[in-house]
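Please keep the sequence and the model in view while working through the numbered points.

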Amino acid sequence: MPGDGIGPEVIACAAEVLRRVRPDVECTEAPVGGAALGAGLPALPVETRALCDRSDAILFGSVGLPQYDGLPLAQRPEYALFLLRRDYELYANLRPVRVFPGLEEASSLRPEIVRGLDLIVVRELTGGIYYGQPKEQRTVDGVDEAVDTMIYRAPEIERIARIAFDLARERRKHLTSVDKQNILETSRLWRRVVSTMSAEYPDVRLEHLLVDNAAMQLVARPGDFDVIVTENMFGDILSDEAAILTGSLGTLPSASIGAGGSPGRQFGLYEPIGGTAPDLAGKDVANPTAAILSAAMLLRHSLADDASAARIERAVDRAYADGLRTAEVARSGGAAVSTRAFTQGVLARL
Ligand code: IPM
Ligand code: MG
């Protein structure tokens, strides 16, 4: 589902890489977001949803276009993502953040601060203020007002925390749980549930941070983070912050997984986290890395094919090690390659 902005270009690249490593995977394309709205369809057309029902996984570009700003959620491209996450119960959003060796210079932080950075944000994706009811604009006593509701039930916290604890156990055994417990009741529940669970994970070091402090620590000492688990909106904000530490939003993939699928075939949605970048669209300059690595995550999580995933990841690493750079990460004065040329570079290194 290519979607809007740079989505179609980068998804075409990712699909090509995917087909090259796994020619047996059947890929079907479907309209979503602004691309669907523009054709007079809803943001998530019925046929697109039916295709998802028949599929093992979704490779998703991005949705959102400036012309829809200001309209109610149900009339905006983003509504597609809102529905897909909710209806397929994709409650766990995994956003790995890595700095490619040689790309430290592209970061706005000093290279020695970001070198070797390797963390993962585990964002709760189907609860909290995104979905709580009531959620509306209304007029009371002649005054316009609006309400969003932040609500969490303990089992929702527990299932996302479990994914994060399990991940931490496989990694550097350090889990940072982010909340705002000095103000929010949902955060007090969050902290209590996560703390209680830590007894089951004595080998994992659990740390709690308030979200404002976490935002600061992420730029002050990013290398100290391993796994970060947090609620929906904090995760949305912190993951963009974490991503740009690497120098480009264009390099970061994501996986949204949850309850669906069968053993070894976990249903999931895989997307670059960088968004539609309308200013770059159609110019063959966008970085396809995030989309290509999202295809790798799809292979790993939904098709249980670690080998092909690793093959793609190695090819991308090599492309960077060999100096291939799209415009947004090229050194000033350094040569930049196009979206297509970068992808050719990855295909050649598979
Ligand atoms: C993201 C995006 C979405 C979100 C938007 C497009 C609705 O920012 O996936 O991070 O807020 O979750
Ligand atoms: Mg976001």
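Predicted model: local features only at pLDDT ≥ 70, side-chain atom pairs only at ≥ 80, totals over all residues.

1. The centres of domain 1 and domain 2, taken over C-alpha atoms, are separated by 24 Å. Domain 1 covers 1–98 + 247–350, and domain 2 covers 118–244; such bounds come from an automatic or database domain assignment. Across the boundary, 21 residues of domain 1 are in contact with 21 residues of domain 2, where contact means heavy atoms within 4.5 Å.

2. Residues are numbered from 1 along each chain as its sequence is written, chains are lettered from A and ligands numbered from 1 in the order in which they are written, and side-chain values use heavy atoms, with hydrogens and water left out.

3. Where does the largest pocket lie? Domain 1 and domain 2 both give residues to its lining, so the largest pocket lies between them. Its volume is about 1000 Å³. On a 1 Å grid over the protein atoms alone, a pocket is an open set of points with protein on both sides within 12 Å along at least five of seven lines, whereas a cavity is a set of points where a 1.4 Å probe fits but cannot get out; lining residues have an atom within 4 Å of a point. Grid points are joined across faces, edges and corners, and a volume is the space filled by probe spheres set on the points.

4. The largest pocket is lined by 39 residues, and Leu73, Arg76, Glu78, Phe82 and Tyr130 lie nearest its centre. Two or more lining residues come from each of α4 (79–87), β4 (132–140), β5 (143–149) and α9 (232–244). Of these elements, α4 gives the most, with five residues. Helices (H or I, at least four residues) and strands (E, at least two) are DSSP runs, numbered from the N terminus. By class, the lining has 17 nonpolar, nine polar and 13 charged residues. Here Ala, Val, Leu, Ile, Met, Phe, Trp, Tyr, Cys and Pro count as nonpolar, Asp, Glu, Lys and Arg as charged, and the others, Gly among them, as polar.

5. How many cavities of 30 Å³ or more does a search of the whole structure find? The search finds two. The largest cavity has a volume of about 40 Å³, and its lining includes Met150, Tyr152, Trp190 and Phe234. Both β6 (174–179) and α7 (185–197) give two or more residues to this lining, with the largest share, three residues, coming from α7. The second largest cavity also has a volume of about 40 Å³; Gly102, Leu103, Glu105, Ala106, Arg325, Val329 and Arg331 line it. Its lining divides into three nonpolar, one polar and three charged residues.

6. Consider next strand β8 (residues 227–230). Val227 and Val229 point one way from β8, Ile228 and Thr230 point the other way, and all are buried; buried means under 20% relative accessible area, exposed over 50%, and partly exposed in between (1.4 Å probe, protein chains only). Strand β3 (residues 118–124) runs parallel to β8 and is joined to it by four bridges, with Val122 and Val229 as bridge partners. Four bridges also join β6 to β8, again in parallel, and Leu175 stands opposite Val227. Two strands pair if DSSP finds at least two bridges between them.

7. Strand β10 (residues 265–270) is joined to β1 (residues 57–59) by three bridges, the two running parallel. Five bridges join β10 to β9 (residues 255–262), which run antiparallel. Tyr270 of β10 stands opposite Leu59 and is also the bridge partner of Ala255. The hairpin of β9 and β10 has two residues between the strands, and Gly264 takes a positive phi near 80° there.

8. Two helices complete the note. In α12 (residues 339–348), the buried residues include Phe342, Val346 and Leu347, and what covers the buried residues of α12 includes α1 (7–21), α10 (289–301) and α11 (306–321). Leu218 lies in α8 (residues 211–220) and is buried, with a relative accessible area of 1%. Leaving aside neighbours within four places in sequence, the contacts of Leu218 include Leu119, Phe225, Ile228 and Leu238.
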